[in-house]
Amino acid sequence: MTGDEKHEWAAASTIDVLWVLYDRVLDVTPATVDDPDRDRFLLSKGHGPMAYYAVLAEKGFISESTLDDWTSWDSPLGLHPDRALVNGVEISSGSLGHGLPIAVGTALGQRIAGSAGRTFVLVGDGELDEGSNHEAIAVAARLNVANLTAIVIDNQNSMYGWPGGIAGRFAVEGWQTAEVDGRDHEAIFTALTAPHDRPYAVVAKIEKSY
Amino acid sequence: MTTMREAFINTVNEELENDPRIAVVTAVISASNFPQDRERVVDVGIREQTMVGVAGGLALAGLRPVVHSYAPFLVERPYEQIKLDIGHQDVGAVFVSIGASYDDPAWGRTHQSPGDVALFDTLPGWTVHVPGHPDEVTPLLRQALKDDNRVYVRLSLHENAQAYPVGEGFTALRHGKRGVVLAVGPMLDRVLKAVDSENADVTVLYAATVRPFDSDGLRKAVQETDHADVMVVEPYLEGTSAHLVSEALQQIPHRVRYAGVKRHAELRNYGTAEDHDAAHDLDVVGLGSAVRSFFRG
């Protein structure tokens, strides 16, 4: 493959946030992937999962050797992740606009079960073009799903952008919001661990890419 | 060599110049191939439901919208908009997909659409073209752009070695006495190889247009054989045309076998299209085995 057929830009855009999440924020390990009280991370922006697979390998969810023959017939790793094939992957994704609604459901389910687990979902600013996200943003706020954090990778890829900014789009519905430099690990960590009693959106800004 | 996708883009861009009714609506995919500075070219962003809704509105305003994306994002995601914003408004449009059932399975299930034609079968009034060669795309598309009806054109990376004349009705490429094989679009070459490898004395019909279904053509071909045995080879879900074959042959005692993308389980492997062909018995080996067992005796 050549060019961006593997969505390499998408992978490059998420790598820093993914690393901070799995290294310092998420309460989940290879030993707890089936623990109902684990934190759950949902990669809605399923494009460019190379970064995701690399982090999962580094943290022991999958073996590094698995990376070698990815996309082959016998490999569990494709150009979009499949939860039935990859240890630690919470949702199968690749079609945009599914992860945030699912995340509202998983976070709500955790709350109903009395679990201390949290749900984190990563979406792209281009992905926010899909209307399903905006339905979910409203629902999460109305249901006050406070154990939900949405991370928006903002690489200015949205077709028409969001007047008032992406954070403003969440805030107008009642979400708590933060904006960070998506390459600054300390800033990402601080934002992702900030206390919140409402659903929480962290907009991670990076350089423009496609 | 021109691909089906390139033939589609070239044809639509030519007709954009010639016909002021033509409009193009996309959701990012392929958008850069159309002149974005023209008001009749609209890229709505990653918003497939809106893409179809906008197309419905353009049609209500008298335009002839061409709606295009990868198959699952053109057909499955905005299915209700297709049903209501196009069909229920009783307007026309030309839907053109790429990706087919599993043109590039490395992308996984999200980018596979073996059920697209079956979904269109739930809706009345759709013409469905499944060209088997890039040179078949342009004439099918030019006719569709002239008309006012609802048309789905299913493009694929997989194609036959040569083009055949297109138009309504099936084309008989071989004549035999043991039965009939109907090959749809890109399935033709492998069907011919399978038939040859088994020395099967069968009639081979080719279809680049599957809706409307050429019931008369199938019935006539069956009546000219010694055995009313029919094999239907489709590049999408197996048995997608079963209801139409059954209707066409309702007065003729017959046997029928369907080959296509298997329905029994979701295939979660990645790999290549050839890998998936083999898994679904849609390669020459699998089809040869089916021909041998079905037309035996």
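**Figure 1. Helix α2 of chain B is mostly covered.** In this predicted model, 10 of the 13 residues of α2(B) are buried, where buried means that 20 or more other C-beta atoms, placed from the backbone, lie within 10 Å of a residue's own, exposed means 12 or fewer, and partly exposed falls in between. Helices (H or I, at least four residues) and strands (E, at least two) are DSSP runs, numbered from the N terminus. The buried residues of α2(B) are B:Glu48, B:Gln49, B:Thr50, B:Met51, B:Val52, B:Val54, B:Ala55, B:Gly56, B:Leu58 and B:Ala59. How far apart are the end C-alpha atoms of this helix, which covers residues 48–60? They are 19 Å apart, which agrees with the 18 Å that its 13 residues should span at 1.5 Å a residue; the expected span is 1.5 Å times one less than the number of residues. Just after α2(B), you will find B:Gly62 with a positive phi of about 100°.

A word on the model and its labels: residues are numbered from 1 along each chain as its sequence is written, while chains are lettered from A and ligands numbered from 1 in the order in which they are written. Because the model is predicted, local features need pLDDT of at least 70 and side-chain atom pairs count only at pLDDT 80 or more, whereas totals for chains, interfaces and linings use all residues.

**Figure 2. Helices α1 and α6 of chain B cross at roughly 35°.** The axes of α1(B) (residues 4–18) and α6(B) (residues 134–146) come within 9 Å; axes are lines fitted to C-alpha atoms, for helices over the stretch in contact, with angles from 0 to 180 degrees between N-to-C directions. On the α1(B) side, the contact is made by B:Met4, B:Ala7, B:Phe8, B:Thr11 and B:Glu15; α6(B) brings B:Pro134, B:Val137, B:Thr138, B:Leu141, B:Arg142 and B:Leu145. Two residues are in contact if their C-beta atoms, placed from the backbone, lie within 7 Å. By class, 7 of the residues in this contact are nonpolar, 2 polar and 2 charged; Ala, Val, Leu, Ile, Met, Phe, Trp, Tyr, Cys and Pro count as nonpolar, Asp, Glu, Lys and Arg as charged, and the others, Gly among them, as polar. A handy reminder for such views: an α-helix has 3.6 residues a turn, so residues three or four places apart point the same way.

Figure 3. Most residues other than glycine have a negative phi, and most peptide bonds are trans. The bond joining B:Arg211 and B:Pro212 is cis, with omega of about 5°, and B:Pro212 lies in the loop between β10 (209–211) and α8 (215–223). B:Ser30, in the loop between β1 (22–26) and β2 (41–43), has a positive phi of about 70° although it is not a glycine. B:Asp281 also has a positive phi, near 60°, and sits in the loop between α10 (273–279) and α11 (284–294). Are these two residues buried or partly exposed? B:Ser30 is partly exposed, with 19 other C-beta atoms within 10 Å, and B:Asp281 counts as partly exposed with 16.

**Figure 4. A:Thr149 is buried in strand β3 of chain A.** This residue belongs to the strand that covers residues 148–154, and it counts as buried because it has 28 C-beta neighbours inside 10 Å. Which residues does A:Thr149 contact, leaving aside neighbours within four places in sequence? They are A:Arg118, A:Phe120, A:Leu192, A:Tyr200 and A:Val202. The C-alpha atom of A:Thr149 is separated by 23 Å from that of A:Ala31, 118 residues away along the chain.

**Figure 5. Chain A meets chain B.** The contact takes 22 residues from chain A and 19 from chain B. On the chain A side, 7 of these residues are nonpolar, 11 polar and 4 charged. Chain A has 6 helices and 5 strands, and 49% of its 210 residues count as buried. Chain B has 11 helices and 12 strands, with 54% of its 297 residues buried.
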